[in-house]
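Please read these notes with the model open beside you. They go from the whole chain down to single residues.

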Amino acid sequence: MSKAVESPTSPPPPPLGPRHWPMWLALGVMCLGARLPWSLQRGLGRAIGAVALRIAGTRRRAAEINLALCFPEKTPAEREQLLRESFHDLGVGFFEFARAWWGSAEPMRRTVRIEGLELLDEVRARGRGVLMVSGHFMTLEMCGRLMCDHLPLAGMYRRHRSPVMEWAVKRGRLRYAKAMFTNDEVRPAIRHLKQGGFLWYAPDQDMRGKDTVFVPFFGVPAATITATHQLSRLSGSAVVPFFHRREGADYVLRIGAPLEEFPSADAAVDSARVNASIEAMVREAPTQYLWIHRRFKRRPPGMTSPYR
């Protein structure tokens, strides 16, 4: 990968060697799927999700455990229904990702509802950058594209192991995002925020090798990256929850009020507040969250992984 031409505002050069051809074929299928009618994409997505529910044994088991940990108050039948619907939304999310990168967002623009943009104007009027915090929902890609119609929004993401996927993700997102920073590009991300920019970040996955603390997520200790605290502390930016969900064929995007007195002197306290904000987002659209991620794999000393 040529570092000379790669930057937060340009994708890496596409890898073309024979060993990458299977991945290029998969991307070709995604590109074709991106051009299907939105109503057909939703129907096919639910069907694909139903099949995935039957064959994705390990990931299904992870989702079952996550739902049991996060919703102990629900009956087994209610959690089973949540599981089925989450896989249906997982399949629809495949087409949402594809359409966001390579298709048209016009059907979504006609019905999208956006709330709270005036809160961002108030923050910017005070000369601060804005760190927009969300979670890993299947709607994140399409909702990011829709929000970029109204804001010069940049994003932060984890670099993909596959060079082909790295190229595709960055090229697709740079169709609408102002810039894309990997989680190793902290200094340029901070500079972007110091200049009054908007940065979208999803800190709700267990990032091994990073600064983490164990704080509650749905009442369960979860290894949580402290990057939100650090980015805000180093840049002086405000931290704003970004809610987004799909309602049928329509989308709802909502900007929450900036977290008050953030950052504090305690990274763990701040990380717990971020988790609480993401938990509130999940409760609004529980089937659209990425439950197949093993969120609680790392445990505090003396506790074993629930996925064993």
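The points below take the overall chain, then some strands, then some loops.

1. Origin of the model. This is a predicted model, and the values in these notes are computed from that prediction.

2. Overall make-up. The protein chain holds eleven helices and nine strands. Its radius of gyration is 19 Å, close to the 19 Å that the globule rule gives for 308 residues, so the chain is as compact as a globular protein of that length. Along the principal axes, the C-alpha atoms fill a box of roughly 50 × 45 × 40 Å.

3. Inside and surface. How much of the chain is buried? Of the 308 residues, 52% count as buried. The accessible surface comes to about 14200 Å², and carbon and sulfur atoms account for 56% of that area.

4. Contacts along the sequence. Take the contacts between residues at least 6 apart in sequence. Of these, 78% join residues that are at least 24 apart.

5. Charges. The chain carries 45 positive and 29 negative side chains. The centres of the two sets lie 7 Å apart.

6. Strand S8. This strand covers residues 238-247, and nine of its ten residues are buried, so S8 is largely enclosed by the rest of the structure. A residue counts as buried when its relative accessible area is under 20%.

7. Neighbours of S8. Which way does strand S2 run beside S8, parallel or antiparallel? S2 (residues 130-133) and S8 run parallel and are joined by four bridges. One of the pairs is Leu131 with Val239, the latter in S8. Strand S9 (residues 250-255) is also joined to S8, by six bridges, and these two strands run antiparallel. Here Phe243 has Arg254 of S9 as its bridge partner.

8. The turn between S8 and S9. These two strands form a hairpin with two residues between them. Gly248 takes a positive phi near 70° in this hairpin.

9. Glu115 is found in strand S1 (residues 113-115). Its relative accessible area is 29%, which makes Glu115 partly exposed. Which residues does Glu115 touch, leaving aside those up to four places away in sequence? They are Val252, Leu253, Arg254 and Ile255. Val252 is 137 residues from Glu115 along the chain, yet their C-alpha atoms are separated by 8.0 Å. Arg254, as noted above, is also the bridge partner of Phe243.

10. Phe218. This residue lies in the loop between strand S6 (212-217) and strand S7 (220-225). Phe218 has a positive phi of about 55° although it is not a glycine. Is Phe218 buried or exposed? At 7% relative accessibility, it counts as buried.

11. Glu261. The loop between S9 and H11 contains Glu261. Glu261 is not a glycine, but it has a positive phi of about 50°. With a relative accessibility of 74%, Glu261 counts as exposed.

12. A cis peptide bond. Pro263 also lies in the loop between S9 and helix H11 (267-284). The peptide bond from Phe262 to Pro263 is cis, with omega near 5°.

Notes
Residues are numbered from 1 along each chain as its sequence is written. This is a predicted model: local features need pLDDT of at least 70, side-chain atom pairs count only at pLDDT 80 or more; totals for chains, interfaces and linings use all residues. Side-chain values use heavy atoms; hydrogens and water are left out. The radius of gyration is taken over C-alpha atoms; the globule rule is 2.2 Å times the number of residues to the power 0.38. Buried means under 20% relative accessible area, exposed over 50%, partly exposed in between (1.4 Å probe, protein chains only). Contact means heavy atoms within 4.5 Å. Accessible areas come from the Shrake-Rupley method with a 1.4 Å probe; for residues, only the protein chains shown count as cover. Lys and Arg count as positive and Asp and Glu as negative; His and the chain ends are not counted. The place of a charge is taken as NZ of Lys, CZ of Arg, CG of Asp or CD of Glu. Two strands pair if DSSP finds at least two bridges between them.
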